[in-house]
Amino acid sequence: MRQYEIAFILVPTLSDDEVEQSIATYREVAEEKGAQVVKVDEWGKRRLAYPINKHKEGIYTIFTLEEPEAEAVGELERRFKVTESVIRFLSVRIDLDLKRMEKFKSRREKRNAILKGRSGKEKDQSEVAKD
């Protein structure tokens, strides 16, 4: 399964009910397209790094999705583009990064095991030399 992280920023003028409704709508769209919503991270209202469409703040939300194809991601991006309440969005495939981190972790563990084995042999040889 592929994993995606989708971050989007809503306009700060929305009420709490409208924000919840928007998030629920996008979640339903993702699930209808066959994606499993693993995590919904609501950061709330934050200051933007630079003004976007005359807004200095935005309501940040991050979805973590798992799906075999990118159908839900494509549909969400299409909806983000036509919705006026979304001022920015970004979709990133993260399973490749997770796979790479696991690969580096296993290499590091193998290297540490080899180094521990070498240091153990050196101790054994030094003890033999003392006798």
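**Entry 1: what I am looking at.** I note at the start that this is a predicted model, and I keep in mind that side chains of opposite charge can pair when their charged atoms come close. How many salt bridges does the structure hold? I found that there are four of them.

**Entry 2: Glu75 and its partners.** I began in helix H2, which spans residues 71-82 and contains both Glu75 and Arg78, three residues apart, or about one turn of the helix. Their side chains meet in a salt bridge, with 2.8 Å from N to O. I then looked up Arg79, which also forms a salt bridge with Glu75, and here the closest N and O atoms are 2.8 Å apart. Arg79 and Glu75 both lie in helix H2 and are four residues apart, which is again described as about one turn of the helix.

**Entry 3: buried or exposed?** I checked the accessibility of each of these residues in turn. Glu75 has a relative accessible area of 14%, and because buried means under 20%, Glu75 counts as buried. Arg78, with a relative accessible area of 44%, is partly exposed, and Arg79, with 29%, is partly exposed as well.

**Entry 4: Arg93 and Asp95.** Which residue does Arg93 form a salt bridge with? I found that the partner is Asp95, and that the closest N and O atoms of this pair are 2.7 Å apart. Arg93 is partly exposed, with a relative accessible area of 33%, whereas Asp95 counts as buried at 13% relative accessibility.

**Entry 5: a patch of positive charge.** Where do positive charges gather on the surface? I found a patch of positive charge there, made up of Arg100, Lys103, Arg107 and Lys110.

How values were computed:
Residues numbered from 1 in each chain as written. Predicted model: local features only at pLDDT ≥ 70, side-chain atom pairs only at ≥ 80, totals over all residues. Heavy atoms only, no water. Patch = residues over 30% accessible without salt bridge, like charges linked within 9 Å, V, L, I, M, F, W, Y side chains within 5 Å. Areas by Shrake-Rupley, 256 points an atom, 1.4 Å probe, with all protein chains shown as cover. Salt bridge = Lys/Arg side-chain N within 4 Å of Asp/Glu carboxyl O. Lys, Arg positive; Asp, Glu negative; His and termini not counted. Charge placed at Lys NZ, Arg CZ, Asp CG, Glu CD. Helix = DSSP H or I, 4+ residues; strand = E, 2+ residues; numbered from the N terminus. Buried < 20%, exposed > 50% of the residue type's maximum accessible area, 1.4 Å probe, protein only.
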